[in-house]
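Subject: The model you asked about

Hello,

Here is the structure, ready for you to open alongside this email. Have a look first, and then read on for what turned up in it.

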There are 2 protein chains.
Amino acid sequence: MQNNKLLSVSIAREKMLQAISPLSSEKCSIFAAHNRIVAEDLFALISHPAEAVSSMDGYAARLSDIVNIPTCLPEVGTSRAGYAYKKPLLAGQLVRIFTGAVIPQGCDTVILQEDTQNVLGKIQINELPKLGQFIRYPGLDFSAGQKIVSKNSILTARSCALIALAGLSELPVIRKPKIGILTSGDELVAPGQIPKSGQLINSNNILLSSLIKASGGEPIDLGILADKSGALIETLKNSPNLDLVVTTGGASVGDHDFITNDIKNNPNAALSFWKIAMRPGKPLLFGKYENTPVLGLPGNPVSAGVCAVLFLAPVIKKFLRLNPSLSYSKALITEDLSKNDRREEYLRAKLVTDDEGIRHVTPAIRQDSSMLATLNEADCLILRPAFAPKIKKSSTVSILNFPNLF
Amino acid sequence: MQNNKLLSVSIAREKMLQAISPLSSEKCSIFAAHNRIVAEDLFALISHPAEAVSSMDGYAARLSDIVNIPTCLPEVGTSRAGYAYKKPLLAGQLVRIFTGAVIPQGCDTVILQEDTQNVLGKIQINELPKLGQFIRYPGLDFSAGQKIVSKNSILTARSCALIALAGLSELPVIRKPKIGILTSGDELVAPGQIPKSGQLINSNNILLSSLIKASGGEPIDLGILADKSGALIETLKNSPNLDLVVTTGGASVGDHDFITNDIKNNPNAALSFWKIAMRPGKPLLFGKYENTPVLGLPGNPVSAGVCAVLFLAPVIKKFLRLNPSLSYSKALITEDLSKNDRREEYLRAKLVTDDEGIRHVTPAIRQDSSMLATLNEADCLILRPAFAPKIKKSSTVSILNFPNLF
C-alpha cells in the first residue's frame, strides 16, 4: 500500500496544468469562427455606419426649410439602401429616403413618412422635425480602429456578426487541441459488436470524444490498446503531432495494468504523478512521452467520466487560453452524510430548486464506479473533502457542475 | 399607420409555433449522436455488468473456505478482464482476479490484494472477507430491457456512453431542421468585400447561421435577395425541401420592401402575420410559401438578433421536440425606467451578481437597433411589457437570457 503517496486533487490538477502550454493561433474565416476562441484583440477596419444613414422611411430635408407647419416641399429624388441620391440637396428641396439609405449632402433631418402627405404633387410636412432626427451618424455603432472583441473570448453568433460588420473576413483563433484517445483493456469491444462472456462494450471512447468536441478540442481515436507491456509507447510513437493523449484503464495496481509502467520505464517518457486521493478515480496518471502530455484516466466508466470533468476538461481550457477553474456552487444536502476518509469524494447527485430558489441536493443511493446510468441521471457531483466530518441533513455542501453537454 | 394591427409578441409566437410541426426521426450512429435529440425511449439490449465481475484486484474465493484468519489457500488460476478462469472453483481453491474480470463459478467473495501475502507458494488471507464483497452482480448498473434514456432528451457525452454500453450502436434521433437563410437588401455585400458608399457588409447571415447551428439546425445559405418584386418567390421555388426559410430585411413599410408583398400576393403563399408590437423588431413577418414556413426578420442587425432569439430559436426547438419556452428570470434594475408605450421592449443590458448572489441589471445607454456592438456586449435583455408604468431604481424586472453561444 502506498496510500501515503496519494496526491490531493487540487495539487494534482495544479501540477498537470503547469505542464500544459496554451496553443498557438491560426487564421480562420469569419464563416467558420463561431464557437472558436479569438487569439487577439480585434479592431474594426471600418466604421458602422460608415456614412450618415436614415433610421426610418421618410424624407430627408434641411431643417431651415421647415419653419412653419404645414410646409410643402418638392421631392427631387430618392435615396434608398444601396442607391444613394448623389447630388447635394439644395435649399427648399426634399429627398424621399428609406431605412439604411445614405443621407444626401446638405440634409440635417429626416421626416417620418407618416408625418407627411402628398398635396398637389408636393410633400406636405405636418410635424415640426428636430435637428438630426432619425439620422444615424458615422460611427454610431463603432468607429474604425475601435476594439470590438477582446482576445481569448469565445466567439458567439453576436460577436461573429459584429466582426463581419466591422470588415474582418479572417481572424486569428486559437488552434484546436488535437487529443488522441486510447482506451485500454483486452475485454473491450467496439460498439456494434456483440460482447462475448467477459467482454465489455467500449463506452469511454464515446464519452471522451464527445466531451473533447464539446470543449473545443479535436478528438482522434487511437483505438483500443492491448493489455501488454510496450503497447502504449508503440502507439504514441506512431501518433505524432498530438497535443495530448488521454488513456482509460491500465493504470491501476494490477499485474495487467501496463500504462503506468510503460511511462515509468521508457527513457523518452516521464511520470509526473500517479494515484490521486479521490473517489472515484484513484488510479489517475499524468506524465509525458517525448513532448506529448499523457493523461491516464481510470477504466471504469464513471471514474473515467468524473476524472474527465476534473482533469481533461480543464486541460482543454488551458490549451484554449480559457480559465481552467472548475464550476463549483453550493446546495443543501437532503440527508445525513457520514465522515469521509483521506480520499476526496465526488458523489453523483440529483439537484432540485424549490419555489424560493433554494437548491437541494440528494446523493444517489449506490455510488459504485461501474454504474454509468447513475452518472447519466446525475445533475451534479457533491464534493466531500478529504477527512470531512459527518454532516447533518440541511447542511450546505459544495457541488461540482458538469460541463456543457457532458 | 396600422398600429392597431400590431400583434403582441406572445400571440405572434403562439401563432407561429402552432404552424410548426415537430420533425420526423432518422437513424444515427452512436458515434454521431452527441448533441442530437433522441426520438424514442431507449432500452438496454444487454445488462451491465452482463456477468458477475470483480470490482477490485485480488483473489476470488469461497467464503466457506475462510473460517479462520489467517488462512492459506492455493492459487489455481487467473481471471482477468477479457480472459476469464473458465472452470468452476473447487472447495479450498483461490483464483487470482483483476478489476472487471468475471467471477469464476463457485466464488462468492473477493479478497483485496492488499489483505493477502504469498507464504510458501500459497496465498495467505489476513482479513476475514464478507459474502459478496467486491463483486458486481449482473445488472448492477442496468438490466437488459431497462429504459436507459428518455425520448426527446438531448444526448450528452454521458448518455451516449450509456447507450453504447447498453449495446445500441444506432438509434433514432430527430432530423435536423434544414433552414434556408435569405438576407435581403441591395446595399449588402458579403464579408471579404470592401463596401462602397451606401453599401453594408452582410452580418445577418453569419448571426443566423451560427444561431441555427448552435440550436441544432442545419443552416443553408440562399444568398442575398435582390430588392425587387418576385425575387423572394423565385428563390423559394428553387429551394425545395427546406423546413423553414428565414429572411432578414425587406419587410418594413418602405416602397422597396418586397418580402411582405411577395408573400401577400402570391397564390401559393399565405401571410399569417406581419408587424409585431415590439421594439426592436416591429416589421416581423410569418407566413408560408406552399408548405414551407417563412419567418421574416427585420434587417437591422440588432432587430434581427433579438427577433431570432424570440422567434427563430423557439421554432427550432419546436422542430426538435424541445420545449420552445424562452428563458426568463428576474433581476433588480439599477436605474429608473420611464413608462413604456404599446410596444413590448427588449433593452440590451449588463448583468452583475453581487456578493450576496443578488443580480443587478443595467440597460445600455443607447438602444438604437443598428448598434450591434451593444448587443454583443449585453448579458441579457430587459423585458419592458407593453404599457409598463415607470419604475424606480431597484425594482424587479424580467430579463430574457440569451441562448447558448448566441
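A word on naming before anything else: helices (H or I, at least four residues) and strands (E, at least two) are DSSP runs, numbered from the N terminus. This is a predicted model, in which local features need pLDDT of at least 70 and side-chain atom pairs count only at pLDDT 80 or more, while totals for chains, interfaces and linings use all residues. Residues are numbered from 1 along each chain as its sequence is written, and chains are lettered from A and ligands numbered from 1 in the order in which they are written.

Let me start with one residue. B:Val38 sits in the loop between β1 (25-29) and β2 (42-43) of chain B. Is B:Val38 buried or exposed? B:Val38 is buried, with 24 other C-beta atoms within 10 Å. (A residue is buried if 20 or more other C-beta atoms lie within 10 Å of its own, exposed if 12 or fewer, and partly exposed in between; C-beta atoms are placed from the backbone.) Setting aside neighbours within four places in sequence, B:Val38 has contacts that include B:Val149, B:Lys151, B:Leu171 and B:Val173. Contact here means that the C-beta atoms of two residues, placed from the backbone, lie within 7 Å. B:Val38 and B:Phe319 are 281 residues apart in sequence, and their C-alpha atoms are 13 Å apart in space.

Now the two chains together.

How many residues of chain B are in contact with chain A? There are 70, and they meet 70 residues of chain A. On the chain B side, α2 (157-165), β16 (200-201), α3 (204-214), α6 (301-319) and α7 (372-377) each supply at least two residues. The largest share, eight residues, comes from α2(B). By class, this side of chain B has 35 nonpolar, 24 polar and 11 charged residues. (Ala, Val, Leu, Ile, Met, Phe, Trp, Tyr, Cys and Pro count as nonpolar, Asp, Glu, Lys and Arg as charged, and the others, Gly among them, as polar.)

α3(B) deserves a look of its own. Nine of the 11 residues of α3(B) are buried, so the helix is largely enclosed by the rest of the structure. Among the buried ones are B:Asn204, B:Ile206, B:Leu208 and B:Ile212. Their cover includes α2 (157-165) of chain A, along with β14 (178-184), β17 (218-225), β18 (244-248) and α6 of chain B. After α3(B) comes B:Gly216, with a positive phi near 100°.

In chain B, six strands form an open sheet in the order β17-β14-β18-β22-β21-β19, with mixed pairing. β17 and β19 (269-274) of chain B are at the edges with a single partner strand each, so one side of each is left without a neighbour in the sheet. Two strands pair if DSSP finds at least two bridges between them. β19(B) and β21(B) (residues 285-289) run antiparallel and are joined by five bridges; in β21(B), B:Tyr289 is the bridge partner of B:Ala269. α6(B) packs on the sheet, touching β18 and β22 (292-297) of chain B, and its direction makes about 160° with that of β22(B). (Axes are lines fitted to C-alpha atoms, for helices over the stretch in contact, and angles run from 0 to 180 degrees between N-to-C directions.)

Last, some backbone details. Most residues other than glycine have a negative phi, and most peptide bonds are trans. In chain A, the peptide bond from A:Ile69 to A:Pro70 is cis, with omega near -5°, and A:Pro70 is in the loop between β4 (58-61) and β5 (71-73). Another cis bond joins A:Arg279 and A:Pro280, with omega about -5°. A:Leu120 is not a glycine, yet has a positive phi of about 55°; A:Leu120 is exposed, with 6 other C-beta atoms within 10 Å.

Best wishes
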